[in-house]
Amino acid sequence: MDPIKILRRAWYILWSYRALWIFGLVLALAAGSSAGRGSNSNYRYEQNTGDTHQYTPQSLQEAFQHLQREWNKLFEQGIPDMNISGQDLTTFLWVIGAFLLVMLIVGVVVAVARYVSETAVIHMVDEYEGSGNKLTVRQGFRIGWSRTAWRLFLINLIVNLPAITLALVLLIAGVVIYFAVVNGNANFAAFSLVSTIALVFITIFVVVVLTILLHLLRNFFWRICVLEHAGVRESLQRGFAMALENWKNVGLMWLVMIGLGIVWAIASIILFIVTIPLVIVTAVVAVLVVAAPYLLLVGAFSLLLNGVLPWIAAALFVLPLFFTIAFSPWLLLGSWQTVYTSTVWTLTYREIKALPVITPPAEVVPVGD
């Protein structure tokens with residue numbers, strides 16, 4: 001197997017088969033939405049003297065009760081200086097709940113579109129390599145909208161099980177440490193803390209190694225599922241067997257893709273800086289596109305809310321569309337990278353599948369025996 005030949009062929013397919021770009025945009029959008037879900041916060045409560053407050057169960061309970069009283073007071077009196085009543089704040093919470101529900105529905109739609117697009121890209125590249133026939137976007141969606149997309153989701157869920165297990169371990173570890181500290185047993189708390197930290201580090205190491213391996217094998221699981229019309233279990237078994245039998249070629253291509261990823265990371269920084277003027281232009285276009293829906297939503301929410309709340313509520317609903325249009329040049333760059341990577345692994349799968357199977361020579365038995 002020649003990795004350079006595969007990379008060149010994938011590059012040619014990327015620029016000559018532009019119907020793949022549409023599915024690449026969906027994949028880039030899905031990758032961006034899933035990567036931006038994490039958030040963290042860290043703060044420290046201090047007394048007026050500057051000393052760090054020592055938390056106890058009693059102080060935590062008192063702080064919670066004080067926060068609950070202030071919360072109830074806020075929703076009873078509202079914010080008079082901004083012409084916002086308590087009823088307006090309650091209605092605004094319902095608006096936020098509606099926004100979260102809409103985002104949940106959008107997330108489900110994007111997730112479905114992601115696996116449909118994955119199926120379409122794999123099949124379209126294979127079809128083009130096999131027969132030279134370029135499918136249209138409509139034909140690609142028709143192929144992707146199948147049970148195979150659901151199987152890809154199940155395979156991806158299995159691949160991500162170690163990460164899910166790690167999250168559960170960290171959650172359990174946090175609960176154990178919390179109850180150990182709350183109970184006030186210093187010896188048990190110290191033992192629990194040390195043992196939990198050791199368990200967490202061991203789990204993280206195992207999960208990272210296993211996740212890297214499974215994400216590498218997922219490239220073969222998915223392609224066997226799409227191109228061989230195999231079920232989930234069969235795809236896992238055959239994909240693992242193929243990678244194990246051709247581990248040298250798989251490992252070589254994996255190292256090549258790691259190096260290519262480093263090059264792309266450096267090039268993407270340069271491209272992001274170069275395309276900033278274009279992003280400014282698309283941001284202006286995004287403002288013009290969302291201006292009318294934004295004003296309509298402000299008018300609709302003004303029937304329910306007062307003060308600045310209608311403007312804030314309307315902004316919540318139009319910001320996703322604004323960001324999608326404004327950052328569309330960067331989404332296009334991400335779509336190229338996604339399509340190219342998928343094409344490389346599809347071509348790699350075809351090359352490995354076409355390799356001759358080496359069978360051990362048959363044992364020659366003398367006639368006399």
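## Surface, cores and ring pairs

The protein chain exposes about 23400 Å², of which carbon and sulfur atoms supply 69%. Accessible areas come from the Shrake-Rupley method with a 1.4 Å probe, and for residues only the protein chains shown count as cover. The model is predicted: local features need pLDDT of at least 70, side-chain atom pairs count only at pLDDT 80 or more, and totals for chains, interfaces and linings use all residues. Residues are numbered from 1 along each chain as its sequence is written, and side-chain values use heavy atoms, with hydrogens and water left out.

The chain has 13 helices and zero strands; helices (H or I, at least four residues) and strands (E, at least two) are DSSP runs, numbered from the N terminus. Of its 369 residues, 32% count as buried, that is, under 20% relative accessible area, against over 50% for exposed and in between for partly exposed (1.4 Å probe, protein chains only). Among contacts (heavy atoms within 4.5 Å) between residues at least 6 apart in sequence, 77% join residues at least 24 apart.

A nonpolar core is a set of buried Ala, Val, Leu, Ile, Met, Phe, Trp, Tyr and Cys residues joined through side-chain atoms within 4.5 Å. The largest has 48 residues, and I13, Y17, L20, M124, I155, F220 and V344 are those with the most contacts inside it. Elements giving two or more residues to this core include helix 1 (3-16), helix 2 (19-35), helix 6 (147-159) and helix 13 (328-354). Helix 8 gives the most, with 10 residues. Apart from this core lies another, of 10 residues, among them I84, V95, F301 and L309. Leaving aside neighbours within four places in sequence, V344 is in contact with I6, L7, A10, M253 and M257.

Rings of Phe, Tyr and Trp (its six-membered ring) pair if their centres lie within 6.5 Å; planes under 30 degrees apart count as stacked, over 60 as edge-to-face and the rest as tilted. In one of them, the rings of Y115 and W222 have centres 6.5 Å apart and planes at 85°, so the pair is edge-to-face. The two residues are 107 apart, Y115 in helix 4 (residues 86-131) and W222 in helix 8 (residues 186-227). Both are buried:

| Residue | Relative accessible area |
|---|---|
| Y115 | 7% |
| W222 | 4% |

The charged end of R218 sits over the ring of W222, 4.7 Å from its centre; the criterion is NZ of Lys or CZ of Arg within 6 Å of the ring centre and within 35 degrees of the ring normal. Elsewhere, ring pairs link W11, W15, W21, W336 and Y340 into a cluster.
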